[in-house]
Amino acid sequence: MQRIFLQLVRRILQIAAILLAFVAVGLYALGESVPSIGSLLFDVIFVGITGGTAAGLMFLSRKLGQRIYDMEAATLFKEIVEGQREIFSVFLRPFYVTNKLFELSLRNFEISWPTSYLKSPNSWLEIELVKAMRGTSPVIGLGRPGEALGVGRILTDEQNWRVTVTELIDCATYIFCIPSGHPGTLWEIDHLVEHSLLAKTVFIMPPLPQTMVGPPWRRKKEKVGLEEDWANLIVEMEKRGLSFPKYEKEGMLFSIKSANSVDIQTFELSSPRSIRMGVEALLMLGPSRFASLRAKHPLLTSIVNYSWRVIFWTRPPWLS
């Protein structure tokens, strides 16, 4: 019941933000067309405040959406423990990359619609992964709920996290892992190898984050440490008889078929469809449920896509 209420509030915030975005653009056009009111003060007071409020409401809706994802993750974990859920994915990653894997998305700077200005200028790996797997299986991970936008988190303590991870990855349909040379992630990889779980595992080499993105007063050069960590990872994997590809700043998806056999797929971080196609190729999956529906009923899906665009002024998420 609480989740339904939060979803309703989130939708109201999104609609209000969209309406305010149109109002802001309308006020700007009015100020430009009527010289008597086209002043800097008018732009700041009316256009700036209206647009800023719209952006703030959209940010709140994203945070609320993540809270819903975390609630769904808790429900999902309960179903997994009780044996009621069979299809799900697990997301494994070193904690130091939390909230640091993103890139500037040029797709988010389209100016054809006022709602384009409400989008985040960055594409975040976790968010795009959730979108990519939306039609195949829900993704769950460990961590502190609300710590990042993307994969829903399950809270666990230092003493029991290995037990929780073991329960999840042993039963998971698919496993997504950002490998690392850190002890915790190495233990997870060792478990995948020892229990013959590599066949359902997709390793993610994240693209090098663009750390200079953002307002001038917030920009700073932050060294994430991906390249150094990856070099240490390769050394550790060689000790285990596994061959991991060298780090490339564009990133990649890959799977380990045998000690010296690696299948690689490139992807675009800003395109969930690109991620999904890479995963399908590595795990030899069939197309997503919506893709299958689109093939069987092209006219129906075209109507659904067009209706979504008319109502929400955005590209349907399943076509991203």
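Where is Arg134 found? Select Arg134 and you land in the loop between H3 and strand E4 (139–142).

**Before you start**

This is a predicted model, in which local features need pLDDT of at least 70 and side-chain atom pairs count only at pLDDT 80 or more, while totals for chains, interfaces and linings use all residues. Residues are numbered from 1 along each chain as its sequence is written, and side-chain values use heavy atoms, with hydrogens and water left out.

**Stop 1: the whole chain**

Colour by secondary structure, and you have nine helices and nine strands to explore. Both are DSSP runs numbered from the N terminus: helices are H or I with at least four residues, strands are E with at least two. Of the 320 residues in the chain, 42% are buried. Here buried means under 20% relative accessible area, exposed means over 50%, and partly exposed lies in between, with a 1.4 Å probe and protein chains only.

Among contacts (heavy atoms within 4.5 Å) with a separation of 6 or more, 65% join residues 24 or more positions apart.

**Stop 2: the nonpolar cores**

Now select Phe91, Ile140, Phe176, Phe203 and Phe244, the residues with the most contacts inside the largest nonpolar core, which has 59 residues. Helix H6 (residues 226–239) gives the most to this core, with five residues. Apart from it lies another core of seven residues, including Leu6, Ala17, Leu57 and Met58. A nonpolar core is a set of buried Ala, Val, Leu, Ile, Met, Phe, Trp, Tyr and Cys residues joined through side-chain atoms within 4.5 Å.

Zoom in on Ile140. Beyond its neighbours within four places in sequence, its contacts include Ala73, Phe88, Phe91, Val151 and Leu168. Next, pick Gly141 in strand E4, which is buried with a relative accessible area of 2%. Not counting residues up to four places away in sequence, Gly141 touches Phe91, Val151, Gly152, Arg153 and Ile154.

**Stop 3: helix H3 and its cover**

Why is helix H3 (residues 125–132) largely enclosed by the rest of the structure? Six of its eight residues are buried, so the rest of the structure encloses most of it. Select them: Leu125, Glu126, Glu128, Leu129, Val130 and Ala132. Their cover includes strand E1 (89–92), strand E5 (152–154), strand E7 (201–205) and helix H7 (272–283).

Show H3 and H7 as a pair. They pack at an angle of about 65°, with their axes 8 Å apart. Axes are lines fitted to C-alpha atoms, for helices over the stretch in contact, and angles run from 0 to 180 degrees between N-to-C directions. The crossing is right-handed; that is, the near helix is turned clockwise from the far one by less than a right angle. Glu128, Leu129, Lys131 and Ala132 of H3 meet Pro272, Ile275 and Arg276 of H7.

Back to Arg134, which is partly exposed, with a relative accessible area of 38%.

**Stop 4: helices H4 and H5**

Move to helix H4 (residues 161–171) and helix H5 (residues 183–194), which pack at an angle of about 40° with axes 11 Å apart. This crossing is right-handed as well. On the H4 side, the residues in contact include Trp161, Val165 and Ile169; on the H5 side, they include Trp187, His191 and Leu192.

**Stop 5**

Select Ser255 in strand E8 (residues 252–258). Ser255 counts as buried, at 1% relative accessibility. Setting aside neighbours within four places in sequence, Ser255 is in contact with Thr201, Ser261, Val262, Asp263 and Leu282.

Most residues other than glycine have a negative phi. Asn99 has a positive phi of about 65°, and sits in the loop between E1 and strand E2 (102–104). Finish at Ser196, in the loop between H5 and E7, where phi is near 55°. Ser196 is exposed, with a relative accessible area of 63%.
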